[in-house]
Amino acid sequence: MNGATAGDEAVTVTRVGLLGASGIAPRAIIAPAKRRADVSIVAVASRGDAADYAQRHGIGRVHADYQALVDDSEIDLVYIALPPSEHARWTIAALEAGKDVLCEKPFAMNAVEADEVAQAVERTGRRVVEAFHDYYHPLFQWVREFVASGELGVIEAATAEFNAEIPFEASSIRHVPELGGGALMDLGCYPLHWLRSLFGEPTVVKASAELNPLGADLSIAARLDFGNELEANLGASMAPGVEFGAFLHIVGSKATLHVDNLVFPSGGHSIVVTRDGLDYTSTIAGEETYDHQLAAVLDAFRTGESLATEVEDSVQTMRAIDDIYRVAGVR
């Protein structure tokens, strides 16, 4: 990290390098970084036209390959938004080069790769955060606190889904299983993470999937057992004609909770708590999820405080994904 001056105060600036000239990076980290004085996107590496990407987004340095970027001594944090099949490999490379990492979801291709990243974290003493940006928005903080408060009573059932039509293209990362495509990897990891964050680690009771011509799941459904007589339904679909929806529904003995659009709450969301037949609707103020995520990452890396979406959590998410696929007969 280097020093910069904002007004009369010295500001420590975290220097970020982007692995991949990705479509998500402008919203996920480039724009949030421009809204802060303590972080700067200083370099990008891509197998495509990195120079054009850098010019469009005001990034000063372009590296010819990924290894050159992770070896750059003037980078503190590497942001990885490559195909999931590349996540573990380049996360480990960045860790071994002395960098911390913010890695897009899904964290890896499977739990074996996630364990390898965890070993690299232990070996290098560096840190990796998985970019479950929704977790850091005040909306999900409210959900966690509300569920923990006991106001719902005994939790009896839950349903979590993320559906969004993603037209099939044989070359699309989201549809090629060898690259980490599929509805569960791309969409369903979010509702799975909501459920795990609230209720712990599940056992997969049953699961089924509809596959595309390449063998990736267009849609997937699973029944998860969280113990204490609580089972939850998990769903994700990117099939043709599916309507966008990202919701969490929890049924308790005293009340029910329904939250719409947990993924991108700043774009519009609702909280509905139903008690005694009456609906109480509200919202939670907040910035873009990505702004909250970047703030949490920068603060944690400076203070040493641990984050909920660091590598231990990521390993557990990948184990649950592996189990769902195994029961569904996809892998």
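This is a short walk through one predicted protein model, from its overall build to a few single residues.

First, the ground rules. Residues are numbered from 1 along each chain as its sequence is written, and side-chain values use heavy atoms, with hydrogens and water left out. Because the model is predicted, local features need pLDDT of at least 70 and side-chain atom pairs count only at pLDDT 80 or more, while totals for chains, interfaces and linings use all residues.

Now the whole protein. There are nine helices and 15 strands. Both are DSSP runs, numbered from the N terminus: helices are H or I with at least four residues, strands are E with at least two. The radius of gyration is 20 Å, close to the 20 Å that the globule rule gives for 331 residues, so the protein is as compact as a globular protein of that length. That radius is taken over C-alpha atoms, and the rule is 2.2 Å times the number of residues to the power 0.38. Along the principal axes, the C-alpha atoms fill a box of roughly 55 × 50 × 40 Å.

How much of the protein is buried? Buried residues make up 55% of the 331. Buried means under 20% relative accessible area, exposed means over 50%, and partly exposed is in between, with a 1.4 Å probe and protein chains only. Next, contacts, meaning heavy atoms within 4.5 Å. Take those between residues at least 6 apart in sequence: 68% join residues at least 24 apart.

On to a helix pair. Helix 7 covers residues 183–199, and helix 9 covers 311–328. They pack at an angle of about 115°, with axes 10 Å apart. The axes are lines fitted to C-alpha atoms over the stretch in contact, and angles run from 0 to 180 degrees between N-to-C directions. Which residues meet? From helix 7 they include Leu184, Met185 and Leu192. From helix 9 they include Ile321, Ile324 and Tyr325. By class, the contact of helix 7 with helix 9 has nine nonpolar, three polar and two charged residues. Here Ala, Val, Leu, Ile, Met, Phe, Trp, Tyr, Cys and Pro count as nonpolar, Asp, Glu, Lys and Arg as charged, and the others, Gly among them, as polar.

Now some backbone details. The peptide bond from Lys105 to Pro106 is cis, with omega near -10°. Pro106 sits in the loop between strand 6 (100–103) and helix 5 (111–124).

Another loop joins our list. Asn228 lies between strand 10 (217–225) and strand 11 (231–237). Its phi is positive, about 55°, although Asn228 is not a glycine. Glu229 lies in the loop between strand 10 and strand 11. Glu229 has a positive phi of about 60°, and it is not a glycine. Asn228 is exposed, at 78% relative accessibility. Glu229 is exposed, with a relative accessible area of 78%.

Last, two buried residues. Ile75 is in the loop between helix 3 (66–70) and strand 5 (77–80), and it is buried at 3% relative accessibility. Arg15 is 60 residues away along the chain, yet the two C-alpha atoms are separated by 5.1 Å. Beyond four places in sequence, Ile75 contacts residues including Arg15, Val42 and Leu69.

Val273 belongs to strand 14, residues 270–275. Val273 is buried, with a relative accessible area of 7%. Ala255 is 18 residues from Val273 in sequence and 6.8 Å away, C-alpha to C-alpha. Not counting residues up to four places away, Val273 touches Trp142, Phe146 and Tyr280, among others.
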